Amino acid sequence: MTFSLGIDIGTSGVKTATLNAESEIFSTSNIKHIKQNSDKINPSYWWETVKHAIKLNLIDLNKKGINPFEIKKLAVDGTSGTILLANERLQPVTRALMYDTTGFTKEAKIIETYSPEQHIAKGQNSTLARALKLIAEDKKREAKFLMHQADFIVANFLKKGGFSDHNNSLKLGYNVEKNYWPEWIFKTGMKKNLLPKVFPVGTKLGKINETVASELGLDKNTIIYAGTTDSNAGFLSCTNFEKGSAVSSLGSTLAIKVLSENQIENAKIGLYSHKIGQYWLAGGASNTGGNVLKKFFNENQIVNLSKHIDPNSASGLEYYPLLRIGERFPINDPKLKPCLTPRPQSDSLFLHGLFESMAKIEKKSYESIYKLGGSFPKHILTVGGGANNKVWEQIRINVLKTKISSGKNIEAAVGTAKIPFLFG
């Protein structure tokens, strides 16, 4: 039997999943990231965590009597827009800038000067803005590769840099329709020699490096495939990949996706489409979500307070729950301020208001796609930690007025493991 190993580099840690061609899960692992200062993130720690996660996965596989050498396929997803610069030896020469870092106003003005109107690479929280910032920080000009988070891990498997996929490269400015880096990007200060070769999701990139394979306990003939972003992987994890499929990811942030035959985009509101297989995956990501909830409550408190919420009654509260200033979708405004007042004395009522307000943001997100020619979903599958809260689910059903249910396989690592079988 042939297996595929999916690796998800998420916000909180690394998860892995081993699947067969029928999408049956045989082994998994879950490792938290090493805590780092958000201003000085060293990407090398990601690779160490990935190796640890794989070794635990293979232990799990061995316990079930399965030889890890039956893993012949491997793919990686990472947080969209998280980037770094590395040298020829794949050593980081700058800090990594995470997907949610913002405030690059100088870079945004440069991009505004040269970019086409309504382009996804615009804005002070865009991947391109972060890239220009890192290039400026590379004072010694040591960089050989500009890498997304997933690219860095893939490069370490191959011991060769310079590869990326359609999905991770979209927000950096890659033209997926025409398959090239547009010339206007280089006028911003982006260095052509740093940019990766970009491949469709599921493309065979090459065999795993033999030394890496030996260290991890994998077959040296394991093929590495072009992966995707974490939210796209979450979509793949629980859908049958059919037109009209819709997924809301309720993790640290809120991401929504709808599979369409058409490319649906509007940079003014942070809406864009990823190319996967024969379809376009339209959607966007809001900065609201689980991170805001965790600011006020731990997981046990959320569970207990939810018991005191009547999901069929309105909270009477109107919030725009954000952790900090700045929103990406369905409002694309780096200056949008959080609205978390007035806070009632009752914690359960406050949580009710947060749930309800996030549901309204989710509804507005799907309505944005509908207004641009997509379809409002008849059924929304939910992945991420928020999928487990049935009170929140009922509130969302009431607000969105559509069928909502939890995805069967809700881990992004599962979706990534599917990639070689679906598109390889």
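Me: Which residue in β10 is the bridge partner of G206?

Reply: In β10, G206 is partnered by I224. This is a predicted model, in which local features need pLDDT of at least 70 and side-chain atom pairs count only at pLDDT 80 or more, while totals for chains, interfaces and linings use all residues. Residues are numbered from 1 along each chain as its sequence is written, and side-chain values use heavy atoms, leaving out hydrogens and water.

Me: What makes β9 and strand β10 a pair?

Reply: Strands pair if DSSP finds at least two bridges between them. β9 and β10 (residues 223-229) have three bridges, in the antiparallel sense, so they qualify as a pair.

Me: Why are β3 and β9 called edge strands?

Reply: Start with the order: the open sheet of six strands runs β3-β2-β1-β4-β10-β9, with mixed pairing. β3 (25-32) and β9 (204-207) each pair on one side only. Neighbouring strands in the sheet are turned by 20° against each other on average, direction ignored.

Me: Which strands does α4 touch when it packs on the sheet?

Reply: α4 touches β1 (3-9), β4 (71-78), β9 and β10, where contact means heavy atoms within 4.5 Å. The direction of α4 makes about 150° with that of β4. Helix α8 (residues 230-238) also packs on the sheet, touching β1, β4 and β10.

Me: How do you know which residues join α1 and α4?

Reply: By that contact cut-off, S44, W46, W47, V50 and I54 in α1 meet Q149, F152, I153, N156 and F157 in α4. These contact residues divide into seven nonpolar, three polar and no charged. The two helices pack at an angle of about 65°, with axes 10 Å apart.

Me: Why is S365 called buried?

Reply: Buried means under 20% relative accessible area, exposed over 50%, and partly exposed in between (1.4 Å probe, protein chains only). S365 has 1%, so the residue counts as buried. S365 lies in helix α11 (residues 347-371) and touches I256, F329 and P330, not counting residues up to four places away in sequence.

Me: What puts the buried residues of α10 on the same side?

Reply: The buried residues in question are I302, L305 and S306, in helix α10 (residues 299-306). They cover an arc of only 100° around the axis, which puts them on the same side of α10; the arc is that of the directions from the helix axis to the C-beta atoms. The buried residues of α10 pack against α9 (290-296), α11 and α12 (390-400).

Methods
Axes fitted to C-alpha atoms, helices over the stretch in contact; angles between N-to-C directions. Helix = DSSP H or I, 4+ residues; strand = E, 2+ residues; numbered from the N terminus. Nonpolar A, V, L, I, M, F, W, Y, C, P; charged D, E, K, R; others polar.
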